[in-house]
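Have the model open while you read.

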Amino acid sequence: MRFILLHSPLTGPAAWAPLAAELARRGVEATVPAIPPLAVLAAPYYDNLARAVAVQALGQGGPFILAAHSAAGGLAPSVVAAMRGQVRGVLYVDAIPPHPGRRWFETAGDGLVASLKAKAQDGMIPAWDQWFPPGALEALLPEGPLRERFAGELSPTPLAWFEEAAPQTDLPGDVGWGFLRLSKAYEREAGEARRLGWPALRRDLHHLAMATHPRETAEAMLALARLLGLRTAA
């Protein structure tokens, strides 16, 4: 079964590159689709992004395990729906749980929402690394080509995306759902996953650990897949 490693719409595919290489070393195939920049897409964003991901992934041959990181968690149900029954399981990797009918702004803390709205200019929210104090990205990713590539993929995001409600998409009962918490910042989301009845694993790493700790993250993802009864080549 092939993995789809889905990056956040706020970042880029570089974050998954080290983990994709680690999976390949273990004999597990993975595809890393590139979500188009939201600034070049029209609404409805969730549906258009999901179709773009499905077009890239379906050509690789399934079935698939979808691993969604960060803000891609809200997008995952739409991707599953667009994948024509080819997704067997979804792993939420430090990701926001599904929020059908709710806006991204409704999933975030009031302080972050107020901060982002204050930073907005001409209908655009600054790039993800500018949400945090100076040095935050440097603390997560060591200096080098990977950090340069990751930073080069960041761009401002339309305010309209944060204000669009996710589609009222039901979670298919024949798909396994699980949660991998990489950072303490996502403890609340891990708790919500447990309330949904999902298996959840915890690793005390950080939000971009799939880039800096690919071995540990890959092992945790494969363990979570096994808990869901999903077989890989590993």
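Predicted model: local features only at pLDDT ≥ 70, side-chain atom pairs only at ≥ 80, totals over all residues.

Residues are numbered from 1 along each chain as its sequence is written, and side-chain values use heavy atoms, with hydrogens and water left out.

**Pockets**

- The largest pocket holds about 440 Å³ of space; a volume here is the space filled by probe spheres set on the grid points, which are joined across faces, edges and corners.
- Its lining has 14 nonpolar, 4 polar and 3 charged residues (Ala, Val, Leu, Ile, Met, Phe, Trp, Tyr, Cys and Pro count as nonpolar, Asp, Glu, Lys and Arg as charged, and the others, Gly among them, as polar).
- Helix 5 (136-140) and helix 8 (187-195) each give at least two residues to that lining, and helix 5 has the largest share, with 3 residues. Helices (H or I, at least four residues) and strands (E, at least two) are DSSP runs, numbered from the N terminus.
- The second largest pocket comes in at about 160 Å³. It is lined by 15 residues, with P9, T11, P37, E153 and S155 closest to its centre.
- By class, the lining of the second largest pocket splits into 9 nonpolar, 5 polar and 1 charged.

**Cavity**

- Searching the whole structure turns up 1 cavity of 30 Å³ or more. The largest cavity has about 40 Å³ of space.
- G74, P77, S78, H99, P100, A166, P167 and T169 line the largest cavity, giving 4 nonpolar, 4 polar and no charged residues.

**Helix packing**

- The axes of helix 2 (residues 45-58) and helix 3 (residues 72-82) come within 8 Å and cross at roughly 55°. Axes are lines fitted to C-alpha atoms, for helices over the stretch in contact, and angles run from 0 to 180 degrees between N-to-C directions.
- Helix 2 and helix 3 are therefore oblique to each other (under 35 degrees counts as roughly parallel, over 145 as roughly antiparallel, 65 to 115 as roughly perpendicular and the rest as oblique).
- In contact terms (heavy atoms within 4.5 Å), Y46, L49, A50, R51, V53, A54 and L58 of helix 2 meet G74, L75, S78, V79 and A82 of helix 3. That contact has 9 nonpolar, 2 polar and 1 charged residues.
- For helix 1 (residues 17-25) and helix 10 (residues 214-227), the axes come within 9 Å and cross at roughly 65°. Helix 1 is therefore roughly perpendicular to helix 10.

- Most residues other than glycine have a negative phi, and most peptide bonds are trans.
- A43 and P44 are joined by a cis peptide bond, with omega about 5°; P44 sits in the loop between strand 2 (30-31) and helix 2.
- G62 and P63 are also joined by a cis peptide bond, with omega about 0°.
- S70, in strand 3, is not a glycine, yet has a positive phi of about 60°.

Methods: 1 Å grid on protein atoms, 1.4 Å probe; cavity = no way out; pocket = protein on both sides within 12 Å on 5 of 7 lines; lining within 4 Å.
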